[in-house]
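Subject: A structure to look at, with notes

Hello,

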Amino acid sequence: MSGVKRKQNVIQKLEILQKLDNRESASTDAEDVLNEGNTISHSAALQSVETLLDYMGQRGFDYGDITAVRKICVDIQQEMNKQQ
């Protein structure tokens, strides 16, 4: 991944975190980041989402927000299983 692409990806992730911090829905944005043709592996995506869950747990996020992010983990795991 080029430096520019990596920077854009980091910026998008920070925007998602900021929306979550403001209690806004970020699931559509998260899907866009994962679906926009990035070459990120499923395991890397899963690790990022799990890191986000840790962050959300430390910050005391709403149960509904955490559940939505957990669903993203399940979706990634299902995609991994399909490709095996």
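In this predicted model, His-42, Ser-43, Ala-45, Leu-46, Val-49, Glu-50, Leu-52, Leu-53 and Met-56 of helix H3 meet Asp-65, Ile-66, Val-69, Arg-70, Ile-72, Cys-73, Ile-76, Gln-77, Glu-79, Met-80 and Gln-83 of helix H4, where contact means heavy atoms within 4.5 Å. Sorted by class, the contact of H3 with H4 holds twelve nonpolar, four polar and four charged residues; here Ala, Val, Leu, Ile, Met, Phe, Trp, Tyr, Cys and Pro count as nonpolar, Asp, Glu, Lys and Arg as charged, and the others, Gly among them, as polar.

Two packed helices are described by the angle between their axes and the distance between the axes. H3 covers residues 42–59 and H4 covers residues 63–83, and the two pack at an angle of about 165 degrees with their axes 10 Å apart. The axes are lines fitted to C-alpha atoms, for helices over the stretch in contact, and the angles run from 0 to 180 degrees between N-to-C directions. H3 is therefore roughly antiparallel to H4, a term for angles over 145 degrees, whereas those under 35 count as roughly parallel, 65 to 115 as roughly perpendicular and the rest as oblique.

The protein as a whole has four helices and zero strands, and from the N terminus its elements run α-α-α-α. Helices (H or I, at least four residues) and strands (E, at least two) are DSSP runs, numbered from the N terminus. Of the 84 residues in the protein, 24% are buried, where buried means under 20% relative accessible area, exposed over 50% and partly exposed in between, with a 1.4 Å probe and protein chains only.

The largest nonpolar core has twelve residues in all, among them Ala-45, Phe-61 and Ile-66; such a core is a set of buried Ala, Val, Leu, Ile, Met, Phe, Trp, Tyr and Cys residues joined through side-chain atoms within 4.5 Å. H3 and H4 are the elements that give two or more residues to this core, and its largest share, six residues, comes from H3. In soluble globular proteins, nonpolar side chains tend to be buried together.

Leu-46, which lies in helix H3, is buried with a relative accessible area of 11%, and, not counting residues up to four places away in sequence, Leu-46 touches Cys-73, Ile-76, Gln-77 and Met-80. The C-alpha atoms of Leu-46 and Ile-76 are separated by 6.4 Å, although these residues are 30 apart along the chain. Ile-76 itself belongs to helix H4 and is buried, with a relative accessible area of 6%. Ser-48, also in helix H3, counts as partly exposed at 30% relative accessibility.

Residues are numbered from 1 along each chain as its sequence is written, and side-chain values use heavy atoms, with hydrogens and water left out. Local features need pLDDT of at least 70 and side-chain atom pairs count only at pLDDT 80 or more, while totals for chains, interfaces and linings use all residues.

Best wishes
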